[in-house]
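Could you walk me through this model in my viewer? I would like to know what to select at each stop and what is there.

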Amino acid sequence: MKTSAMSKRKSKESSGANGECISEVQKTLRERFCHHYAIGKLFGTERQYRHLLELLKRTTVHGESNSALIIGPRGSGKTALLNHVLKELTEMKEVRENLLEVHLNGLLQTNDKVALKEITRQLHLENVVGDKVFGSFAENLAFLLEALRKGDRTSSCPVLFILDEFDLFVHHKNQTLLYNLFDISQSAQTPVTVIGLTCRQDILELLEKRVKSRFSHRQIYLMNSFDFKQYIRIFKEQLSLPDEFPDESFAQKWNNNVQHLSEDKTVKDILQNLFHYTKDLRSLHLLLMLAVSNVTVHHPLTTASDLQEASKQIRMDSKANIVHGLSVLEICLIIAMKHLNDVYEGEPFNFQMVYNGERNTSTLQTLNHLLSPNFFFPSVTDTEFQKFIQRKAHCMYNFEKPVVMKAFEHLLQLELVKPIERPSVRVQREYLLMKLVLDNNQIMDALQAYPNCPTDVKQWAASSLSWL
């Protein structure tokens, strides 16, 4: 009895320790995947890293003013590169006590007034500004920077302006913010460095002449140029636990499992597909995040099946998922639209055509008269299409027309159907021209996964129209 009690206690303690390990694993890896934390060395951007580090050192240590743009597609590591450089700078004592950072984002600071308020807030100068009234933006910004001066240029506190989504600041009125920031970085005032992050390759063409003349034209380009072997190495480094992990034995077991995963053929195929689809490391992080979410006390190590399931979730079609939640009536409407697209080769349609299957001469004349001259509806034999509807989609006619109209409007709200032009007062809602957003493959895949879909509906969707 004593032995069994002791064994139970030991197993309970071991499971408790294991539970703590699992929590720590989840915490460590999720922080890494979600917060751009740079671990180890950067992947393929060492030259850009040295360039940016040297540039910011000249500002923070020697008091030089500079400006530069970091240009690259989304997910190429622009923010990670900058965070890596800032992390190294803040580890230097003379920089940590001296450097001021101002982070602006074009999605948040939509005009210069909002941007100036944010600059004031981040520099902690709200009390200094008080109720002062300034004649211009330049005067206000100059006052803020003057408040930070503490002697000559070399002893003044350097300010680093980081402008994320830089291309959106270009659309501000007269580009006043950019002009003044670049102007200050060129003048012998407070040491200022402006770093812009953008995915627009043509960003310099968007700058006004006076702004461009004050920009230093330093451009740091980032491209995901690594090959698949390096991609596998990135996978291992991102999924491995660090050396300072509390439980060394568990960390070793976890890292050995990661090594085996990187050599597994199934995992390599999953990574190869993702690599060919996109080299964006955020997609890799999402895949790993979904896989790590399955780790529990009873399932302590990530497996190939976890990565396979995560890959399916990433590739899942969001539009097809919406179809799974539709009613049979709404499914029938989508199938009717699908057949209309097949018969009339993608011509726009309206609710009346979907409901009645009619394209008689009077309707066509009315539509061609009322609607945009860009669209012309050819005359076809409507009885054959009606015959098709009655033969295969008779279940639609169990509902009153207002009910079917309501279902059609629901599809419009879900954006599975979209109007091709703005609603007009002259046209009734039944006659508004629409297009179907789903393609045939999406519809058929969604029907295969649709729970308890009636057989005749599936047959109608899959039926050939060659007999029409």
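Start by selecting residues 328-344, helix 18, together with residues 401-413, helix 22. In this predicted model, their axes come within 9 Å and cross at roughly 75 degrees. An angle from 65 to 115 degrees counts as roughly perpendicular, so that is how helix 18 and helix 22 lie to each other.

Now show the side chains where the two helices meet. From helix 18, pick L329, E330, L333, I334 and M337; from helix 22, pick V403, V404, A407, F408, H410 and L411. Coloured by class, this contact shows 9 nonpolar residues, 1 polar and 1 charged.

Next, move to helix 15, residues 281-292. Its 12 residues reach 16 Å from the first C-alpha to the last, close to the 16 Å expected at 1.5 Å a residue. How many residues of helix 15 are buried? The count is 9 of the 12, so helix 15 is largely enclosed by the rest of the structure. To see them, select L281, S283, L284, H285, L287, L288, M289, A291 and V292.

For the last stop, colour the chain by pLDDT. The average is 77, and 78% of the residues score at least 70. Then select residues 358-389, where the pLDDT is below 50; beyond near neighbours in sequence, this stretch has 55 contacts in the model. Residues 392-397 also have a pLDDT below 50, with 15 contacts beyond near neighbours in sequence. Where pLDDT is low, the predicted coordinates should not be read in detail.

Key:
Residues are numbered from 1 along each chain as its sequence is written. This is a predicted model: local features need pLDDT of at least 70, side-chain atom pairs count only at pLDDT 80 or more; totals for chains, interfaces and linings use all residues. Side-chain values use heavy atoms; hydrogens and water are left out. pLDDT is the predictor's confidence in each residue, from 0 to 100. Contact means heavy atoms within 4.5 Å. Axes are lines fitted to C-alpha atoms, for helices over the stretch in contact, and angles run from 0 to 180 degrees between N-to-C directions. Helices (H or I, at least four residues) and strands (E, at least two) are DSSP runs, numbered from the N terminus. Angles under 35 degrees count as roughly parallel, over 145 as roughly antiparallel, 65 to 115 as roughly perpendicular and the rest as oblique. Ala, Val, Leu, Ile, Met, Phe, Trp, Tyr, Cys and Pro count as nonpolar, Asp, Glu, Lys and Arg as charged, and the others, Gly among them, as polar. The expected span of a helix is 1.5 Å times one less than its number of residues. Buried means under 20% relative accessible area, exposed over 50%, partly exposed in between (1.4 Å probe, protein chains only).
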